[in-house]
Amino acid sequence: MFLAPEGDEAEIADAAAAFLSDALPIERLHAPDCADMDASLRALLGEMGWFALALPEARGGSGLTAVEHALFFREVGRQCGPIDILAQALAANLCSSAERREALVAGAKGVAMLVADGDCWRLLGSHEAELGLLVTPEDASLYSLADAACEDRAALDPANSLRVVSALPDPLESREGEQLWQLGQLGAAAMLVGIGEAALDLIVDYAKVRETFGRPIGAYQAVRHACADMAIRTEAARAQLWYASTALKESRGDASAHIDAAKHLANEAAMGSADANIQLHGGIGVTDEHDAHLLLKHALLLTRIFGSKRGLLSRLLHARLED
Amino acid sequence: MDLRYSDEDIAFRARAREWLKDNVPQERRPASGKAASQFDRDWQGKLFENGWAGVAWPKEYGGLGLSGLQQVIWYEELSRAHAPAQHISTAYVAQMHAGPTVMARGTEEQRAFHLPRILSGKSLWCQGFSEPNAGSDLAALKTKGTVDGDTIIVNGAKMWTTDAAHADFMELLIRTDPDSQRHKGLTWLICDMTTPGIDIKPIRTMLQDDHVNMVFFDDVRIPLANVVGEVGGGWSTALATLSFERGLGFIADQLELFERVGRAIELAGTVRLDDGRLAIEHDDIAQRLASIKADTMAIRAMTLAEITETDRTGEPGPKGSMMKLMVTTTHKALSQLVGEFLGWGFMEFDGDRATNPWTHDYLWSWVFSIAGGTNEIQREITADRVLELPKAR
């Protein structure tokens, strides 16, 4: 029993942090156009093997586990990385066609995320994506977007383009079971934990230097206590994320309940931290030039995919847990 | 990271579960008075005789010498078996922080004398830290100690001393250097509660009990040999006590909370509200229960993370204050919610936890969020030590 990143796990997390802060720093989102993943960034991520962390070695992956998957996506979240990265990693896991899988692992073909919305679907991700991935708790399907009827919508979250899809062709391939849903939940929960941590870091750094009434604002209890609460909710979400990803790695019978709890806690922690971070910054917190709104908007998007409050809590209420 | 229990862990859990099944007291714990403390002594004595006391304490002091993780397993099984609650036990201070402080900072003589007595339930302890004008600001304490030969003469008053009337010994923090300020010049003493000059006055609380007290000291002579740590070095020993109290001291409660949520969910499936529907059939109640359940799952994950880390490093981390905040706020949220759906039964209370545990624990939620450092103080400590924000004080 041990519940903190150690050894190779910590090294992978550090490598991911260094790579992502260089390859897709959050500052990119201040550029005027939507900052979806473009083909060159996708190829770079593919070259580094980031799409294949949790893919078995026999299928061309790194053969690592849900734990490394979560560690990587937490770092993606800290930079408000696009949903495309998660869609691409999950699609590589879904593919039974070796040729297509290799193309996805290498980043040669792009994948965007499909989410059901009434009679239609929402499509999150790059216009350059050729494929769309739709994941539910029961199954996952991969679609060609070549002939799909897509309509652009203005996106609140600048990290991802937002489209409406009114018709989809038959899927290229599908797989039954909850495995991809669970990896998707962990990926989204991890990104939310990363956002919560990034928001906490921003306000703690600012509170040390910004002065009012002749003192740093971090010396006022109104600010200190709000920061302490952010730290606690973030710590709780992080601890449950480690528990849940390890439960999935070890194929425990209660893994899905722990993953639901992890997603719920991550939803709440990220939204709470993103909110408090803006408020405690004061006026500068609502400006476009600051990162604070980027964290909020990306958190809003992530709380809507792979389980939002009502669904997660109703599944969790009577879920049985193991020792 | 891994969640695997060793074969020893699994065997230990099975053995604990089996023993508790046949040995948890069937009779009610008396609500108060000497009968209550005798019940607690007897239960602790039974644990000791049967080899279950001090799971993670070293064998040389009568413990089992097992890991922190096995200590967690033991507390989980205690909660599951409906064993006597830890947080209201008069043995709490002795087990959770007096014993650990003596073990960490005491002399060999102090350890050899006190630790086996604590484990066997022969000694109950109380805590003499807070004073009428020194609570959250503990370093403002004024109770005076004057060294006279091989004794220290103590004069002053302590406040909020839980179970002082039942305790055999006290963790007594005093000022031995009259010219000293704040954290300097303090001394941590073991005070025998039978020493002449000690007067105990109970303070009636909103729980309809007298478990907290004022304790007055009038020329109380305590041997110098009872100093734990150094004369004048009491703040360091007191910080050790507080770290045990805020970290270790809540483990049992953390894990019990996990069990209590399950009981609350069961309860909500039996209580009908005014509209004739079961409480659990109301979406808002079901959602809040599930949300609290998620919080207790996180608390358990945080506990396991902290304990297994401490098992490796030997040192508890700085997260005890965060843990205490998380536990006390979750405890309060659960108590409030049950209070809302439980109906008029919630309004019946005679001061006995055995009669109405939900109402008792609802009232207790303020004891929980104030005792051992208020939630506001825990936020201050988190801001200082975890976030390293500029000092407010």
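**Note on a predicted model of chains A and B**

1. **The interface.** In this predicted model, 37 residues of chain B are in contact with 40 residues of chain A. On the chain B side, the elements that give two or more residues are α8 (283-313), α9 (320-341) and α11 (375-386). Of these, α8(B) gives the most, with 16 residues. By type, the chain B side divides into 24 nonpolar residues, 4 polar and 9 charged.

2. **Confidence.** The model scores ipTM 0.96 and pTM 0.95. For chain B, the mean pLDDT is 93. In that chain, 99% of the residues reach 70 or more.

3. **A residue to look at on chain B.** Start with B:L325. Which helix holds B:L325? The residue is found in α9 of chain B, one of the elements that give two or more residues to the side touching chain A. Is B:L325 buried or exposed? It is buried, because 24 other C-beta atoms lie within 10 Å and the cut-off for burial is 20 or more.

4. For a sense of distance, take B:L141. B:L325 and B:L141 are 184 residues apart in sequence. In space they are 25 Å apart, C-alpha to C-alpha.

5. **The nonpolar core.** The largest nonpolar core has 215 residues. Which residues touch the most other members? They are A:A91, A:L133, A:L192 and A:C227. The largest share of this core comes from helix α6 (residues 179-209) of chain A, with 19 residues. As background, nonpolar side chains in soluble globular proteins tend to be buried together.

6. **A:C227 and both chains.** Take A:C227 next. Not counting residues up to four places away in sequence, A:C227 touches A:I203, A:V204 and A:A207 in chain A. From chain B, the residues touched by A:C227 are B:A383, B:L387 and B:L389.

7. **The build of chain A.** How many helices and strands does chain A have? Its secondary structure comes to 10 helices and 9 strands. The radius of gyration of chain A is 19 Å, close to the 20 Å that the globule rule gives for 323 residues, so chain A is as compact as a globular protein of that length. Along the principal axes, its C-alpha atoms fill a box of roughly 65 × 50 × 40 Å.

8. **Burial and contacts in chain A.** Buried residues make up 54% of the 323 residues in chain A. Now consider the contacts in chain A with a separation of 6 or more. Residues 24 or more positions apart account for 69% of them.

9. **A positive phi in chain A.** A:F306 is not a glycine, yet it has a positive phi of about 55 degrees. Where does A:F306 lie? It sits in the loop between α9 (292-303) and α10 (309-316) of chain A. A:F306 is buried, because 30 other C-beta atoms lie within 10 Å.

10. **A positive phi in chain B.** B:Q208 is not a glycine either, and its phi is positive, at about 60 degrees. B:Q208 is found in the loop between β6 (198-203) and β7 (212-223) of chain B. Why does B:Q208 count as partly exposed? It has 14 C-beta neighbours inside 10 Å, and partly exposed residues fall in between the cut-offs of 12 or fewer for exposed and 20 or more for buried.

Definitions and conventions. Residues numbered from 1 in each chain as written. Chains lettered and ligands numbered in written order. Predicted model: local features only at pLDDT ≥ 70, side-chain atom pairs only at ≥ 80, totals over all residues. Contact = placed C-beta atoms within 7 Å. Helix = DSSP H or I, 4+ residues; strand = E, 2+ residues; numbered from the N terminus. Nonpolar A, V, L, I, M, F, W, Y, C, P; charged D, E, K, R; others polar. pLDDT = per-residue confidence, 0-100. Core = buried A, V, L, I, M, F, W, Y, C linked by C-beta atoms within 7 Å. Rg over C-alpha atoms; globule rule 2.2 N^0.38 Å.
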